Amino acid sequence: MKRFLLLYLSLCSVWLSYSQVGLQQLLNNAALKHASVGIQVTDLNTGKTIVSHDPQKSLTPASITKVITSATALELLGSEYRYVTQVTLDESDPTRILVLGSGDPTLGSDVFGDNTTAFFINITDALKKELQPDREYSIYVVDNLFGYDGISPEWTWIDIGNYYASGSYGISIFDNTYKLFFNTSAKIAPPRILRTEPDMKKIRFTNFLTLNTTGSDNGYIYGIPFSYERTVKGNIPAGKAEFSIKGDIPDPGLFLGETLADYLVRSGIKISQVETARTDYLAKKQVQYKPGKIVHTQTSRPMKDIVQEVNVKSNNHYAEHLLRIIGRTQNTDIYSDALQAGIDYVKKFWEQQGISTSSLTLHDGSGLAPQNAFSPAFLTEILAYMYTKSKNSKVFFDSLPKAGKDGTLRSFMRNTKYEGKISAKSGSIGGVQCYSGYLIDGNKQYAFTVMINKFNGTRSQVRSAIEKFLSTL
């Protein structure tokens with residue numbers, strides 16, 4: 001027995017020394033010469049540290065922030081939680097159709113391969129059975145659940161207006177995203193705008209795009225929420241009959257209402273007016289409607305599917321809605337800040353689990369805000385909790401992409417001994433590259449977080465350096 005114990009301890013010593021060598025090689029990499037680096041690797045079986053470097057240092061995390069958001073949402077709401085959007089008739093005005101938003105980010109979403117227009121088709125079919133073709137009706141979209149500050153105040157101008165920085169409101173439609181199509185075959189700048197999909201009739205584009213011969217998509221759409229003025233800058237590939245970039249729908253609730261009106265009019269129902277709750281909300285008017293007969297109920301996919309989309313595809317739009325629904329469950333006053341309430345609950349919940357949040361500065365649920373910060377030790381503790389204590393352990397673990405196989409990790413660790421054995425979230429914005437997740441290989445069961453900020457090398461050099469380090473674990 002002693003012989004086996006000594007052998008085990010000897011092997012552990014070898015693994016630890018090998019990891020320390022790997023850590024030193026990472027820190028000595030020329031691409032990280034001027035970088036800030038934080039690392040924590042924890043044995044899930046013993047809780048002991050395998051290797052670490054500045055584990056308490058708060059660093060910019062980028063999209064590994066979604067690990068916190070998704071874990072908290074699962075713990076609070078459960079894996080089977082579903083958003084419910086209802087269409088009713090107004091009991092106080094039978095000529096008014098109400099759309100009651102629940103903050104569901106999946107309405108009309110294309111990420112699950114569903115029919116994106118099914119929501120409108122189903123509502124139209126249901127309303128045709130209730131409405132009279134000789135009367136005029138109005139549509140009132142109640143999209144005020146999260147208020148109308150749909151973006152984090154810490155997001156940068158360079159992101160606002162693009163699809164990955166869309167606003168989060170009580171109503172979402174088509175991922176709050178449209179495509180803007182160009183013809184670049186004439187090789188003349190700015191390229192000719194062809195159309196938008198879906199048709200954004202109100203948006204006016206000021207086009208400063210140029211063309212490139214590299215084939216790279218460097219085109220960006222800028223504009224603030226609820227404004228229909230958009231500026232297009234950057235460059236896109238020349239020589240294309242069609243090429244598209246994506247922007248955010250400025251007012252998703254109104255766009256949903258107008259789209260529903262189009263469907264109803266085509267089916268023979270007269271619609272005289274489309275409004276959202278925004279004007280009444282900003283004027284702080286008392287509720288001007290009374291939900292009556294439920295005509296249609298739209299239920300989202302379960303939380304386990306939404307969380308998987310957040311982590312595998314790094315879906316900012318879904319993550320931001322998750323943090324706000326967390327906040328709104330804690331404070332139901334629609335005039336309270338749902339984003340801040342969500343942030344406050346995240347801190348409260350993890351403190352209650354015995355995990356210090358002193359390193360945590362949070363401004364959103366997706367990681368887009370460059371002022372977000374936390375330590376590798378903090379996030380690794382959350383990973384350990386979710387693996388060893390959470391009733392949602394399997395759902396959470398399965399929500400993370402597999403190295404060399406899925407989502408944002410499709411090419412990471414490919415053709416290495418840990419391909420498919422690392423399940424983790426990646427994070428990257430300017431000057432930031434992070435990975436956080438699990439390494440499960442037989443009895444070797446680790447939670448890890450690697451955070452690198454302000455590197456001077458290329459991103460591919462930094463990723464390669466991290467891959468080499470992880471290979472030594």
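## Nonpolar cores

A nonpolar core is a set of buried Ala, Val, Leu, Ile, Met, Phe, Trp, Tyr and Cys residues joined through side-chain atoms within 4.5 Å. In this predicted model, the largest such core comprises 49 residues, and Ile-68, Trp-350, Ile-382, Phe-396 and Tyr-438 have the most contacts inside it. Two or more residues come from each of the helices α2 (65–77), α6 (303–312), α7 (316–330), α8 (338–352), α9 (376–388) and α10 (393–399), and likewise from the strands β16 (432–441) and β17 (444–453).

Leaving aside residues up to four places away in sequence, Ile-68 touches Val-346, Trp-350, Leu-360, Phe-374, Phe-378, Leu-379 and Ile-382. A second, separate core has 40 residues, including Phe-119, Met-200, Leu-256 and Leu-260.

## Aromatic pairs

The whole structure contains 23 aromatic pairs. One of them joins Phe-174 and Phe-255, whose ring centres are 6.3 Å apart and whose planes meet at 70°, so the pair is edge-to-face. Phe-174 lies in the loop between β5 (136–142) and β6 (177–183), whereas Phe-255 belongs to helix α4 (residues 252–266); the pair therefore ties together parts 81 residues apart in sequence. Phe-174 is buried at 13% relative accessible area, and Phe-255 is buried at 11%.

Tyr-387 and Phe-397 also form an edge-to-face pair, with 6.1 Å centre to centre and 65° between the planes. Because Tyr-387 lies in helix α9 and Phe-397 in helix α10, this pair ties together parts 10 residues apart in sequence. Tyr-387 is partly exposed at 24% relative accessibility, while Phe-397 is buried at 18%.

## Aromatic cluster and charges over rings

Phe-174 and Phe-255 belong to one aromatic cluster with Phe-119, Phe-120 and Tyr-263. Arg-266 lies over the face of Tyr-263, at 4.8 Å from the ring centre. Arg-96 lies over the face of Tyr-140, at 4.8 Å from the ring centre.

Conventions. Residues numbered from 1 in each chain as written. Predicted model: local features only at pLDDT ≥ 70, side-chain atom pairs only at ≥ 80, totals over all residues. Heavy atoms only, no water. Buried < 20%, exposed > 50% of the residue type's maximum accessible area, 1.4 Å probe, protein only. Helix = DSSP H or I, 4+ residues; strand = E, 2+ residues; numbered from the N terminus. Contact = heavy atoms within 4.5 Å. Phe/Tyr/Trp six-rings, centres within 6.5 Å; stacked < 30°, edge-to-face > 60°. Lys NZ or Arg CZ within 6 Å of the ring centre and 35° of its normal.
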